[in-house]
Amino acid sequence: MNAEVTTPTVDTHCPYCSLQCGMSLRPGEGGVRVVERPAFPVNRGALCGKGRTAAEVLDRRVRLTEPLVRDGGELRPASWDEALDRVAAGLGRAREAYGNDAVGVFGGGGLTNEKAYALGKFARVALGTSQIDYNGRFCMSSAAAAHQRAFGLDRGLPFPLADVARTGCVILVGSNLAETMPPALRYLTELRENGGKLIVVDPRRTKTAEAADLHLAPRPGTDLALALGLLHLVVAQGRTDEAFIAERTTGWPEARAAAMAHWPELVERITGVPVPQLRAAVSMFCDAASSMVLTARGPEQQAKGTDTVGAWINLCLATGRAGRELSGYGCLTGQGNGQGGREHGQKADQLPGYRKLDDPAAREHVAAVWGVSPDSLPGPGRSAYELLDALGTEVRALLLMGSNPVVSAPRAAHVEDRIRALDFLAVADVVLSETAALADVVLPVTQWAEETGTTTNLEGRVLLRRRAVDPPPGVRTDLAVLNGLAARLGHEKGFPADPEEVFGELRRASAGGPADYAGISYRRIAAEDGVFWPCPDEAHPGSPRLFLDRFAHPDGRARFVPVAHRASAEEPDAEYPVLLTTGRVLAQYQSGAQTRRVAELNAAAPGPFVQLHPHLAARYGIAEGDRVAVESRRGRAVAPARLSTDIRTDTVFMPFHWPGEGRANSLTNPALDPTSRMPEFKVCAVRLAPEGP
Ligand SMILES: Nc1nc2c(c(=O)[nH]1)N[C@H]1C(S)=C(S)[C@@H](COP(=O)(O)OP(=O)(O)OC[C@H]3O[C@@H](n4cnc5c(=O)[nH]c(N)nc54)[C@H](O)[C@@H]3O)O[C@H]1N2
Ligand SMILES: Nc1nc2c(c(=O)[nH]1)N[C@H]1C(S)=C(S)[C@@H](COP(=O)(O)OP(=O)(O)OC[C@H]3O[C@@H](n4cnc5c(=O)[nH]c(N)nc54)[C@H](O)[C@@H]3O)O[C@H]1N2
Ligand code: SF4
Ligand SMILES: [Mo]
């Protein structure tokens, strides 16, 4: 028999970003090997370097393989029973001394739907705390809030990604997808091959901007003014779609008036984008028969992110580019389960199925599924940064699963201090992250290839990851961790460790909610290349395209929201004269906890840097490769200079993937958006101090 043919390969999905590329795992020497899975439609076989090398993090030499507990200041190996006993005792002590809300839970958008659901239930039922939130708050929460406000429902893309290649014009705002989801670049290339236009809005000329017909490079933090300026021109040129506005929207007169206050010359002054470029963008967008606006973290991670996204949605609504075939607004969600992770209850104000925690009917439905009284469910808790800020004072003990805030949270030195001030910290992780290293108990958990579970990609397509390889004997799944902890907290039942059983319960809990998974089963996902929610019953085909007939508000209409430009929380001044923005590079993922453990990725992106324009560098006498200290009101970071004409002369850029002296988040501003509670990662004021070669 031919061994090649009989070797079982297992179809699954990448552990990293929201594209959730399909891949296959093939057993090989000492583990599994990632191989292409060309039949999966979203990435059609293509993978970036992170996905290709993902199996290296399964190696025992780089990961956690046994529980650790802190004794006399040091972490030492322990049995699972001892570790779980200590966590239950640590959380229990805080609860007895200070009340239920003294115990916090922090989750992650990389967790599967099953884990996110179980974590939310664990917080509300087993701990009885309102204090749960997750890192998705730092990710796409502003777009989620704007989606809800305008359309009555939040699904990142209301259409399959493949539609992007067939529309007439795409405005891509603050996304560097050539580096952050490389296989998706193909859809933009196809768009242009089909005669469509691509406009990229980014203060830097990124690899993505290089692929565009038009690149607008606004000053960081001014996308709101930019969108209003475009809408002003649309109105002035008579290019609104009055029939669409009348039939499918409300609130236009107020939104129109707000836009008319942002005349092009004023917008040029605020953003630095010349009026002729504004006009060119309006022509491309309106001349096309269909068009889309897609946003990512650039405009969203601002203290006015919700209004900023709202302004871009207004542009779509006013021109009739929403709720129509090949037209609409979408957000490019970021984490592996950035979509599903925000739907099933690890968010401070939320119950499964994207229900609201303060809605009596939602409480009743979910409480019935959980077999508890609706009155026993706590109310909404603090948002992610507010929760981290309360550690060691109001919140005394924390269970953290799927995030590394010591590297990734804004004003990270302060957050690190708050974490150190906790009475008790437990971290479940696959590696000893910078945050896990501070824990009292570290729980080693299984990884994507070692466990089964669902994720929901940026299109709202629910996917199945399958177990392909046995985990090392000393690790357990996150679900088994919650099962063991719940039992110790007096909940023998209600927290099964079997993912399919949890998914069955999630289906019932989500039934009838906005994100309805009731009709989705593991079997269907496998047979259909994923199922798009909402999918209320097994006969329902799923919903690849939303809003074509009606928007999700009760009256079926989309809402214009009147928004006006406002300054960033911190503008440059004499003391801190330069703008800092932050983001990502191709070869590292997030806090780097996983990707910094892969040799090939480290060789490609070995460390932090400060990208700055040669003109700005000359003003400070900084040469290529020199160490530069970047200082803000929150702290200081030092990294080598990388000179480049691809960035504005008033702005420096730092990637945030590294801890230590080059940690970008030592500098960032935790000013929060009033609606989404998103911190202002994308703009703050800094000064530069050259430290020489
Ligand atoms: N390689 C890699 N890929 C990833 C990730 C990763 O860490 N590494 N993370 C995943 C996750 S969770 C996410 S959220 C996505 C993020 O994906 P992206 O949003 O594409 O990533 P960022 O680099 O954070 O930001 C995108 C761009 O915004 C620009 N920008 C900065 N300030 C502004 C501004 O004020 N306005 C505008 N319009 N643009 C601005 C930056 O210059 C940057 O090029 O990537 C996912 N994919
Ligand atoms: N300055 C700046 N800061 C930013 C951003 C920015 O653009 N600029 N972007 C923000 C954004 S968009 C995001 S999404 C955050 C992300 O930042 P983080 O929340 O820190 O995200 P990760 O680095 O992915 O951390 C995930 C951690 O969980 C572990 N892990 C992975 N899978 C699992 C699992 O299944 N179970 C458990 N228990 N653990 C797991 C990983 O090993 C890692 O330690 O960073 C935010 N911070
Ligand atoms: S683009 Fe995202 S999902 Fe695809 S291989 Fe790279 S990290 Fe994985
Ligand atoms: Mo993200």
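Me: How much space lies in the second largest cavity, and what counts as a cavity here?

Reply: On a 1 Å grid over the protein atoms alone, a cavity is a set of points where a 1.4 Å probe fits but cannot get out, and its lining residues have an atom within 4 Å of a point. Grid points are joined across faces, edges and corners, and a volume is the space filled by probe spheres set on the points. Here, the second largest cavity holds about 530 Å³. Its lining has 38 residues, with Gly174, Asn176, Arg297, Arg584 and Lys682 closest to its centre. This is a predicted model, where local features need pLDDT of at least 70 and side-chain atom pairs count only at pLDDT 80 or more, while totals for chains, interfaces and linings use all residues. Residues are numbered from 1 along each chain as its sequence is written, chains are lettered from A and ligands numbered from 1 in the order written, and side-chain values use heavy atoms, without hydrogens and water.

Me: Which elements each supply at least two residues of that lining?

Reply: Helices (H or I, at least four residues) and strands (E, at least two) are DSSP runs, numbered from the N terminus. For the second largest cavity, they are helix H6 (177-180), helix H14 (297-300) and strand S23. S23 (578-583) also supplies at least two lining residues to the largest cavity, as does strand S17 (424-429). That largest cavity has about 760 Å³ of space.

Me: Why is S23 described as largely enclosed?

Reply: Buried means under 20% relative accessible area, exposed over 50%, and partly exposed in between (1.4 Å probe, protein chains only). In S23, 6 of the 6 residues are buried, so the strand is largely enclosed by the rest of the structure.

Me: Which residues of S23 point which way?

Reply: In a regular strand the side chains alternate between the two faces of the sheet. Here Val578, Leu580 and Thr582 point one way, and Leu579, Thr581 and Gly583 the other.

Me: Which strands does S23 pair with?

Reply: Two strands pair if DSSP finds at least two bridges between them. S23 is antiparallel to S30 (residues 684-690), over 3 bridges, and parallel to S27 (residues 651-655), over 5 bridges. Follow Leu579 to see both: it stands opposite Ala685 in S30, and its bridge partner in S27 is Thr651.

Me: Which side chains make polar contacts with ligand 2?

Reply: For a ligand, a polar contact is a pair of N or O atoms within 3.5 Å. Asp429 has a side-chain N or O atom 2.5 Å from an oxygen atom of ligand 2. For Lys682, the corresponding distance to a ligand oxygen atom is 3.0 Å. A polar side-chain atom of Asn665 lies 2.8 Å from a nitrogen atom of ligand 2.

Technical notes. On a 1 Å grid over the protein atoms alone, a cavity is a set of points where a 1.4 Å probe fits but cannot get out, and a pocket is an open set with protein on both sides within 12 Å along at least five of seven lines; lining residues have an atom within 4 Å of a point. A polar contact is a pair of N or O atoms within 3.5 Å; within protein, one must be able to donate a hydrogen and the other to accept it, and residues adjacent in sequence count only if both atoms are side-chain atoms.
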